[in-house]
Amino acid sequence: MKISSLFGKGRAILSFEVFPPKKTSPVETIYSTLGELKELEPDFISVTYGAGGNAADTTTCDIAAYITNELKIPSAAHLTCVYSTKEDILTRLAQLKERNVDNILALRGDVNPEIPRLHDFEYASDLTAFIKANGDFHVSGACYPECHLESANIIEDIQNLKYKVEAGAEHLMTQLFFDNAAFYDFYEKMQIAGIKVPVEAGIMPVTNKKQIERMVSMCGASLPAKFSKVMQKYENNPEALRDAGIAYAVDQIVDLLSNGVDGIHLYTMNNPYVARKISESVKNLL
Ligand code: FAD
């Protein structure tokens, strides 16, 4: 089932993101997590993909197929292109189609300075156009309320986002953010630029101290004073920090839903306890 059919039904959608288990663990280790997430009845679940894009590694495809075929929940497979050839992508599209995965989050992926990149695809928009030309998939794209780290400014970044939508991205999911004002400002600029596809707000419940430091250094999300205060107060009390992180995410989601957001994409970090607490708090508000 294509994700596009979930929108425009007069309610916001709630989707989850999971990542494959580490290479040292068998793929089955995620199945019990997925079983618990299924009980929360998300609209779809997306599965991340290694930036390296190893064509022989079918883990993302395997997990997405399991979600679709066994759990009967729509799934989206993330797909990066910076280290892929056109042949690699065609192979991947065939694997996904054969296993009933209809949705792809088309990404460029991060360039590792130590590994020379390939040039079959320069940007996610090139991958998006290629997927559209070579298969019957719903294609989603990533967007960045606080600007992609490589862009000179948000105007340039939104212009580039428009190329991605014109290339065929039918739905966008944002990078995580902690300041809803940044999202509203970004959304308004998108509207002015004529980008009209549904946008899901990416929400990451921060539940431990290491996670905060990692997230901020990786994606440059700004930390509002209210957030920093809560995190500082509870940083040495893991249980309190987890509960405060959940409460902060719920507060963000309630505000987004009451402002009419199209959907919430919850970065679950493969933690069904946290996903359950949040889902149960917001389910009746969607
Ligand atoms: P692009 O849309 O190609 O943008 C990259 C940069 O190029 C931006 O600065 C953009 O403004 C610029 N640009 C785009 N088009 C043009 C153009 N035509 N001319 C000039 N400049 C241009 N990474 C993974 O490895 N695996 C994952 O599973 C994964 N999942 C993600 C899920 C979400 C929701 C998000 C938000 C990110 C995810 N990422 C993932 C991270 C992502 O791969 C990186 O942020 C990467 O640096 C950019 O990917 P993109 O698809 O947004 O790239």
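Trainee: Which residues does G109 touch, not counting residues up to four places away in sequence?
Mentor: Happy to start there, and do keep in mind that this is a predicted model. G109 sits in the loop between strand 4 (103-107) and helix 4 (124-134). Leaving out residues up to four places away in sequence, the residues touched by G109 are T80 and V82.

Trainee: Is G109 buried or exposed?
Mentor: The relative accessible area of G109 is 18%. Buried means under 20%, so G109 counts as buried.

Trainee: How are helix 8 and helix 9 oriented to each other?
Mentor: Good one to work through. Helix 8 (residues 225-234) packs with helix 9 at an angle of about 165 degrees, and their axes are 9 Å apart. Angles over 145 degrees count as roughly antiparallel. Helix 8 and helix 9 are therefore roughly antiparallel.

Trainee: How do the residues of the contact of helix 8 with helix 9 divide into nonpolar, polar and charged?
Mentor: Helix 8 brings K226, F227, V230, M231 and Y234. From helix 9 come A240, L241, A244, G245, Y248 and D251. The residues of this contact divide into eight nonpolar, one polar and two charged.

Definitions and conventions
Residues numbered from 1 in each chain as written. Predicted model: local features only at pLDDT ≥ 70, side-chain atom pairs only at ≥ 80, totals over all residues. Heavy atoms only, no water. Axes fitted to C-alpha atoms, helices over the stretch in contact; angles between N-to-C directions. Helix = DSSP H or I, 4+ residues; strand = E, 2+ residues; numbered from the N terminus. Parallel < 35°, antiparallel > 145°, perpendicular 65-115°, else oblique. Contact = heavy atoms within 4.5 Å. Nonpolar A, V, L, I, M, F, W, Y, C, P; charged D, E, K, R; others polar. Buried < 20%, exposed > 50% of the residue type's maximum accessible area, 1.4 Å probe, protein only.
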